[in-house]
Amino acid sequence: MAKRGGFPGGMPGNMNNLMKQAQKMQKQMEEAQAQLDELEITATAGGGAVEVTVTGKREITKVKLSEEVVDPEDIEMLEDLIVAATNEALRKVEEASQQSMSKITGGLGGGLF
């Protein structure tokens, strides 16, 4: 007669291994996040006329403008270049974050990070 309830085949041991693996993965993710937080990524727009630096925490730390791009008659162009450089830097941070996390999860997680 078959047993009812419980986990056949020693499942508690497997569950223990799963818990250890999950704890190890969590520690690796925390370490990876700490490394990402220290990361600084710079992106440019307008052929280098505008340069924006963003941290892994997605904070802008620096905006550098070339003199030739500062035209009081064309403020809109400068604004567009700053937006473009900022968005590119943020995209690069997101890409670095996804690459870092996928190394740990082996591609699992489906965008949870």
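**Fold and packing of the predicted chain**

From the N terminus on, the elements of the protein chain run α-β-β-β-α, that is, two helices and three strands. Helices (H or I, at least four residues) and strands (E, at least two) are DSSP runs, numbered from the N terminus. The model is predicted, and local features need pLDDT of at least 70, side-chain atom pairs count only at pLDDT 80 or more, and totals for chains, interfaces and linings use all residues. Residues are numbered from 1 along each chain as its sequence is written, and side-chain values use heavy atoms, with hydrogens and water left out.

The three strands form an open sheet in the order β1-β2-β3, with antiparallel pairing; two strands are taken as paired if DSSP finds at least two bridges between them. β1 (40–45) and β3 (60–65) are the edge strands, each pairing on one side only. Neighbouring strands of this sheet are turned by 15 degrees against each other on average, direction ignored. For such angles, axes are lines fitted to C-alpha atoms, for helices over the stretch in contact, and values run from 0 to 180 degrees between N-to-C directions.

β1 and β2 are joined in the antiparallel sense by six bridges, and Glu40 has Thr55 in β2 as its bridge partner. These two strands form a hairpin with four residues between them, and Gly46 in the turn has a positive phi of about 65 degrees. Strand β2 (residues 50–55) is in turn connected to β3 by five bridges, again with antiparallel strands. Across this pair, Val50 stands opposite Leu65 and Val52 opposite Val63. The hairpin of β2 and β3 also has four residues between the strands, and there Arg58 takes a positive phi near 65 degrees.

Contact here means heavy atoms within 4.5 Å. Leaving aside neighbours within four places in sequence, Leu65 is in contact with Ala49, Val50, Val70, Leu78 and Ile82. The C-alpha atoms of Leu65 and Gly48 are 8.6 Å apart, with the two residues 17 positions from each other along the chain.

Helix α2 (residues 75–105) packs on the sheet and touches β1, β2 and β3; its direction makes about 145 degrees with that of β1. The helix has 31 residues and reaches 45 Å from its first C-alpha to its last, close to the 45 Å expected at 1.5 Å a residue; the expected span is 1.5 Å times one less than the number of residues. Among the buried residues of α2 are Leu78, Leu81, Ala85, Val93, Met101 and Ile104. Ser100 also lies in α2 and counts as buried at 16% relative accessibility. Not counting residues up to four places away in sequence, Ser100 touches Ala32 and Leu36. After α2 comes Gly106, whose phi is positive, near 65 degrees.

In soluble globular proteins, nonpolar side chains tend to be buried together. The largest nonpolar core of this chain has 19 residues, and those with the most contacts inside it are Val50, Val69 and Met101. Such a core is a set of buried Ala, Val, Leu, Ile, Met, Phe, Trp, Tyr and Cys residues joined through side-chain atoms within 4.5 Å. Two or more residues of this core come from each of α1 (11–38), β1, β2 and α2, with α2 giving the largest share, eight residues. Val69 is in contact with Ala49, Val50, Met77, Leu78 and Leu81, its neighbours within four places in sequence left aside.

Over the whole protein chain, 48% of the contacts with a separation of 6 or more are between residues 24 or more positions apart. The accessible surface of the protein chain comes to about 8400 Å², of which 52% belongs to carbon and sulfur atoms. Accessible areas come from the Shrake-Rupley method with a 1.4 Å probe; for residues, only the protein chains shown count as cover.

Notes. Buried means under 20% relative accessible area, exposed over 50%, partly exposed in between (1.4 Å probe, protein chains only).
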